[in-house]
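Dear colleague,

Please find below the structure for your records. A summary of the findings follows it.

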Amino acid sequence: YESRVEVAGGTIELQTQIDGETLYASVVIDGNPGIAGFVLDLQFDNTKCVVREFTASDIIDYEMITSNIQQSEDKSVFTNASAMWAVTSDVVSDGVLFTLAFDIIDASAEDFGFNLICGEDAFTNQNLEAVRFTVK
């Protein structure tokens, strides 16, 4: 006998902003019913931008998040940025989960190939129930 419990969530959105030669991509949560963990993946075109930095926000515990971007000095090889986070109690805040800073290589690019991967089991709450978000 298997039982799968799901909780309805709000929305997850990728918001981008260009400041000079730097592109910022932030993953934003809204309508958060309570999460205690996530696994997210952001794909991008590394011929148009190169990831430079990964920064967790204040709404999640920075000590408990990890990313493949933090694991390598040579960031030009990356075509995706993965982020994994887990704690023991639900966080119910809305706002930015994390931000990636990119160096823009192709200044004429209008599309940087961003694709936010948020699978069915991407978010969980403290009871290990799947929390479903709509990706905007």
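Setting aside neighbours within four places in sequence, Leu40 is in contact (heavy atoms within 4.5 Å) with Val27, Ala81, Ser82, Ala83, Leu97, Phe98, Ile117, Cys118, Ala122 and Phe123.

Please note that this is a predicted model, in which local features need pLDDT of at least 70 and side-chain atom pairs count only at pLDDT 80 or more, while totals for chains, interfaces and linings use all residues. Residues are numbered from 1 along each chain as its sequence is written, and side-chain values use heavy atoms, with hydrogens and water left out.

Leu40 also belongs to the largest nonpolar core, which has 35 residues; Phe38, Leu97, Phe98, Leu100 and Phe123 are, with Leu40, those with the most contacts inside it. Such a core is a set of buried Ala, Val, Leu, Ile, Met, Phe, Trp, Tyr and Cys residues joined through side-chain atoms within 4.5 Å; buried means under 20% relative accessible area, exposed over 50%, and partly exposed in between, with a 1.4 Å probe and protein chains only. Strand 7 (95–104) provides the largest share of this core, five residues. Strands are DSSP runs (E, at least two residues), numbered from the N terminus.

Rings of Phe, Tyr and Trp (its six-membered ring) pair if their centres lie within 6.5 Å; planes under 30 degrees apart count as stacked, over 60 as edge-to-face and the rest as tilted. The count is eight aromatic pairs. The rings of Phe38 and Phe123 have centres 5.8 Å apart and planes at 50 degrees, so this pair is tilted. Phe38 and Phe123 are both buried.

Yours sincerely

Conventions:
Helix = DSSP H or I, 4+ residues; strand = E, 2+ residues; numbered from the N terminus.
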